[in-house]
Structures are given as C-alpha cells and as structure tokens.
Amino acid sequence: MGERPGEGEREARGSAIDIDAVLSSATALFAERGFNGVSTREIAKAVGCPLSSLYYHFGNKATLYHEAFVNKLDESIDQIRGEIDDTASPAQQLRQMIGAFFLLFTRDRNLLLLVQRDIVESALPGQGLLCQPQHLYFLTFIGDLVGRYQGRQPDPQTVHLVNGMLLGYCQFDYLVRESQPASAPSEAARLASLQDAILKMLA
C-alpha cells in the first residue's frame, strides 16, 4: 500500500532501534490492554530499548499506536484482498472476503483485539477513533463488495452491520472454541454459517 507516512524519514535517521520489534511488541500490548492501558515505558521495556529512543523515533504514544495499528491493518487488508478473485461473481467475491476475514481474525487474536479495543475506546469522553482513516478504508472496501452484490449503492447502516457481524462473529467464535473446544463445529462449518448469515441478510 506504499510507504507509510514518516517511514522513509525514520530510516534516514538510522536504525538505533529495531522498528519492526517495537511495532510488534506495541501491537501485542495495545491489543491486550488498549491505548490507555499501556505506557511507552512498558513498550520500551518489552522491546529492551531506552525510552528516549521510542520518543526519538515516534514522538509520542499516539503516533506509535497509530503506526502499530496501520502496520497491522494494512497487512491484513492486503491479505484479504489477495484472496478475492476479480473474475468471480459478486456473491463469490463477498464469500471470499468473509472467508479471508474470518480465517485471519480468528487465527490472529491480537488483530481482533486491536480493532475491537480501538472501537470501544472511541466511545470514551473526549476520544474518537485514533485510527479513523483505517476504519473508514476498510468500511469502504466492504461497501464496494456489498454494492456489487446488491447491484446498488449500499446504505452506511448496512455496511456497518456487515462489519459488526464480522467482528462479532469472530469474537464469538474465539469464545466458543476456548470454552468448548471438543464440541465446537468444524472451522469450515463455522465459516459457512457466517457467510450464509451475511448473504441472507443482504438479500
């Protein structure tokens, strides 16, 4: 998706710290405890670098959070897009998107939690979505597929409903597998259930 803002500038400064390691550790901590539950000192400790180095490269916690979120979500959207066949029918493309989303978000707990926590914390007083452009980008992506399937411009509520169904089902799937691992339906059956439910809702 191209070079992220500030990426080339940081590389020009030299790699005093391992940027990938910082983003990976920050992603895991933010996913576990949210933006407000993690300090830059804790991230520096997890990476094993001086706190001053984090501030030198990222400036503040909000910038670090944004870069970690963007890095994670960009990779995820690329993976989901890569599973969609441009020659397939609109219904097949929608099923492919749902399948790629389901497999990615149920197998990567940090990704699911990171997105969910960003949405939840946006409801706190004085705090909106910290990574609003990324959320809007993904909603637009969903809206395009839904529009092709329905043959018309989808209303925003429908797009948000699909997004909510995807995130909610992945969270529910995780809880079921965690509490009832032996009796949970197969992954293929769970995925088919989600695909059928969304397409039925959009019909």
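How many helices and how many strands does the secondary structure of the chain come to? The answer is 10 helices and zero strands, where helices (H or I, at least four residues) and strands (E, at least two) are DSSP runs numbered from the N terminus. This is a predicted model, in which local features need pLDDT of at least 70 and side-chain atom pairs count only at pLDDT 80 or more, while totals for chains, interfaces and linings use all residues. Residues are numbered from 1 along each chain as its sequence is written, and side-chain values use heavy atoms, with hydrogens and water left out.

**View 1. The chain as a whole.** From the N terminus on, the elements run α-α-α-α-α-α-α-α-α-α. Of the 203 residues of the chain, 45% count as buried, a word that stands for under 20% relative accessible area, with exposed meaning over 50% and partly exposed in between (1.4 Å probe, protein chains only). Among the contacts in the chain (heavy atoms within 4.5 Å) that have a separation of 6 or more, 71% come from residues 24 or more positions apart.

**View 2. Helix H9 and its covering helices.** Helix H9, made of residues 156–179, has 24 residues and reaches 34 Å from its first C-alpha to its last, close to the 34 Å expected at 1.5 Å a residue; the expected span of a helix is 1.5 Å times one less than its number of residues. The buried residues of H9 include Val159, Val162, Asn163, Leu166, Leu167 and Cys170. An α-helix has 3.6 residues a turn, so residues three or four places apart point the same way. What covers the buried residues of H9 includes helix H6 (90–107), helix H7 (109–121), helix H8 (132–150) and helix H10 (187–202).

View 3. The 13 residues of H7 should span 18 Å at 1.5 Å a residue, and its end C-alpha atoms are 18 Å apart, which agrees. The buried residues of H7 pack against helix H2 (19–33), helix H5 (61–82), H6, H8 and H9. Leu113 is found in H7 and counts as buried because its relative accessibility is 17%. Although Leu113 and Gln171 are 58 residues apart along the chain, their C-alpha atoms are separated by 8.7 Å. Asn110, also found in helix H7, counts as partly exposed at 29% relative accessibility. Leaving aside its neighbours within four places in sequence, Asn110 is in contact with Ala28 and Ala31. The backbone nitrogen of Asn110 also lies 3.3 Å from a side-chain oxygen of Asp108, which caps the N-terminal end of H7.

View 4. The axes of H6 and H8 come within 7 Å and cross at roughly 150 degrees; axes are lines fitted to C-alpha atoms, for helices over the stretch in contact, and angles run from 0 to 180 degrees between N-to-C directions. H6 and H8 are therefore roughly antiparallel to each other. Angles under 35 degrees count as roughly parallel, over 145 as roughly antiparallel, 65 to 115 as roughly perpendicular and the rest as oblique. Residues of H6 including Leu94, Met97 and Phe101 take part in the meeting with H8, where Phe138, Phe141 and Ile142 are among the partners. H5 and H6 pack at an angle of about 140 degrees, with their axes 8 Å apart, and are therefore oblique to each other. Here Ser76, Gln79 and Ile80 in H5 meet Met97, Ala100, Phe101, Leu104 and Phe105 in H6.

**View 5. Helices H3 and H4.** Helix H3 (residues 40–47) and helix H4 (residues 51–58) have axes that come within 8 Å and cross at roughly 110 degrees, and these two helices are therefore roughly perpendicular to each other. Where they meet, Thr40, Arg41, Ile43 and Ala44 belong to H3, while Leu51, Leu54 and Tyr55 belong to H4.

Notes. Polar contact = N/O pair within 3.5 Å; in protein donor to acceptor, adjacent residues only side chain to side chain.
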